[in-house]
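Reader: I'd like to talk through this model with you. Could you put it up and start with the terms?

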Amino acid sequence: MTDHVYSISTRVTRPMFIGVKIPNNEEFEVTSPPDWWPDAPEKHLSPYTLLLGASASCFSLSLFKAAESMRTSFVNVEVESAGTMTENKERIWSFETIELKVKVTIEDELHKEKIARAIEMAHKTCPVANSLNCKTILDYEIVVV
């Protein structure tokens, strides 16, 4: 089995702004959200929203693989991700939970059970969810069109 290695680099681009450089992509900036930094400008990514985005998109990509392994398919998958961050007694902040509200659209009612199993497999095998200390909660719906 081969390990997969991923890397990025960061740098301070200006006070309270971090440039994130992913190989073969343009650098983008992240900063704290307004609840951490009241002067934060609108429309900037934060590490917290990127974590939620990583969780939601990793689940979706895992679903493609799971559906393929079960010889089924879906038309679309939409994910809303919400994370709850709390402070413990030592004043250390961390995400306590991440909730993924998933809506999977399929074309054939006969595939509903297979897709449900694929959703559970995707949830179980998602590398991002498996790497987090917080619990990832899955709530899904399957829509037949």
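Author: Helices (H or I, at least four residues) and strands (E, at least two) are DSSP runs, numbered from the N terminus. This is a predicted model, where local features need pLDDT of at least 70, side-chain atom pairs count only at pLDDT 80 or more, and totals for chains, interfaces and linings use all residues. Residues are numbered from 1 along each chain as its sequence is written, and side-chain values use heavy atoms, with hydrogens and water left out.

Reader: Which elements do the buried residues of α1 pack against?

Author: Helix α1 covers residues 47-69, and its buried residues include Leu52, Phe59 and Leu63. Counting contact as heavy atoms within 4.5 Å, the buried residues of α1 pack against β4 (76-87), β5 (93-106), α2 (112-125), α3 (127-131) and β6 (135-144).

Reader: Is Ser62 buried or exposed?

Author: Ser62 sits in helix α1. Leaving aside neighbours within four places in sequence, Ser62 contacts Ala122, Thr125, Cys126 and Pro127. Its relative accessibility is 11%, so Ser62 counts as buried.

Reader: And why does Tyr140 count as partly exposed?

Author: Tyr140 belongs to strand β6. Not counting residues up to four places away in sequence, Tyr140 touches Val102, Ala116, Ile119 and Glu120. Tyr140 counts as partly exposed because its relative accessibility is 29%.

Reader: How far apart in space are Tyr140 and Ala129?

Author: In sequence, Tyr140 and Ala129 are 11 residues apart. In space, C-alpha to C-alpha, the separation of Tyr140 and Ala129 is 16 Å.

Terms used:
The expected span of a helix is 1.5 Å times one less than its number of residues. Buried means under 20% relative accessible area, exposed over 50%, partly exposed in between (1.4 Å probe, protein chains only).
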